[in-house]
Amino acid sequence: MSGRHSGLAVLVAVVWGINFVVIDEGLAGMPPLLLVSLRFLLVALPLVFIVPRPKTDWRNVVAVGSFMSLFQFALLYLGLHLGMPAGLASLVLQAQVIFTIGLAAVVLGERATRRQVLGATVGMIGLAVVAVGRSTGAPVLPVLVTIAAALSWAIGNVLSRRARVASGLSLVVWSALVVPVPAFGLALLLDGPGPVGHALTHLTGAAIFATFYTAFGASLLGYAIWNSLLARYPAGAVVPYILLVPVVGIAASWIVQGEAPDAVEIVGGLVMLVGVGAAVLRGRRPVDQLAVSR
């Protein structure tokens with residue numbers, strides 16, 4: 001990846017890392033799937049009337065919206081609602097890195113270099129070290145729900161890569177149309193009309209801020225850049241940058257929520273950074289580049 005595109009990938013990681021704390025704060029007194037619905041309603045409207053439809057089959061748009069937006073965030077918000085700590089969520093969700101590389105190899109025929117595989121492996125070892133340090137007090141169900149969210153994100157990554165839409169913004173905006181109605185319906189089903197109606201008529205400042213940050217920062221800015229990078233580069237070259245997200249997420253949760261990392265977590269975070277560098281920094285020889293079978 002070019003230096004400019006590498007910088008954009010790092011920017012996305014920072015925005016997404018902070019995003020976990022913003023969501024967790026916004027969920028106070030708010031049904032999780034209602035917050036998902038409001039987020040993607042704001043992503044889609046009114047931009048869907050301004051941004052041209054992505055130049056791909058509508059089935060690709062629906063598929064990306066379903067896995068990268070609806071399922072991923074419904075599961076993530078639900079996991080946080082069930083008690084998943086924001087910093088740990090930012091970590092566990094990065095299991096999508098391994099899921100994505102594996103799915104890309106099977107579905108797209110993308111073959112990573114040994115250096116990229118080694119880097120991703122080192123990064124995941126770092127994630128495991130941090131997980132061991134943080135998972136002692138975490139309930140099992142929220143962790144499993146967050147892992148399911150990671151798998152959904154990985155499927156969305158591969159679908160986005162296969163769609164090869166040049167405009168990441170158009171794919172984000174139009175695929176967001178898939179989310180609001182199903183998410184709102186699930187909120188009514190799981191929480192009931194009473195709590196949903198009360199939440200809508202008593203929106204907190206945290207919920208409003210979370211909706212705008214996640215819609216304009218994490219979705220429109222973050223996923224527009226992300227989808228554009230996936231359209232330009234093989235998934236194995238883009239996805240390892242996201243291992244930086246839990247470093248930012250844990251730091252943000254420490255500053256905002258007092259969720260302080262211990263020595264084990266700090267060591268694990270440093271190991272992750274080493275893995276990211278090994279996986280994504282450009283080598284000197286062509287063999288270091290990711291090969292794509294077509």
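Analyst: Buried means under 20% relative accessible area, exposed means over 50%, and partly exposed lies in between, with a 1.4 Å probe and protein chains only. This is a predicted model, in which local features need pLDDT of at least 70 and side-chain atom pairs count only at pLDDT 80 or more, while totals for chains, interfaces and linings use all residues. Residues are numbered from 1 along each chain as its sequence is written, and side-chain values use heavy atoms, without hydrogens and water.

User: What makes α2 mostly covered?

Analyst: Of the 13 residues in α2, 10 are buried. Among them are P32, L33, R39 and F40.

User: Why is S253 called buried?

Analyst: S253, in helix α13 (residues 245–257), has 0% relative accessibility and therefore counts as buried. Contact means heavy atoms within 4.5 Å. Leaving aside neighbours within four places in sequence, S253 is in contact with V21, G87, G258 and E259.

User: Why is L45 called partly exposed?

Analyst: The relative accessibility of L45 is 37%, so the residue counts as partly exposed. L45 is in the loop between α2 (32–44) and α3 (58–81). The peptide bond from L45 to P46 is cis, with omega near 5 degrees. Most peptide bonds are trans.

User: What makes L41, L45, F49, I50 and L177 a nonpolar patch?

Analyst: A patch takes residues with over 30% relative accessible area and no salt bridge; nonpolar side chains (Val, Leu, Ile, Met, Phe, Trp, Tyr) are joined within 5 Å, and like charges within 9 Å. L41, L45, F49, I50 and L177 form such a patch on the surface, with about 530 Å² of accessible area together. Accessible areas come from the Shrake-Rupley method.

User: Why is the pair D57 and R59 called a salt bridge?

Analyst: The term requires a side-chain nitrogen of Lys or Arg within 4 Å of a carboxyl oxygen of Asp or Glu. In D57 and R59 the closest N and O atoms are 3.0 Å apart, and the pair forms a salt bridge. A search of the whole structure finds one salt bridge. D57 is partly exposed because its relative accessible area is 32%, whereas R59, at 55%, is exposed.

Conventions. Areas by Shrake-Rupley, 256 points an atom, 1.4 Å probe, with all protein chains shown as cover. Helix = DSSP H or I, 4+ residues; strand = E, 2+ residues; numbered from the N terminus.
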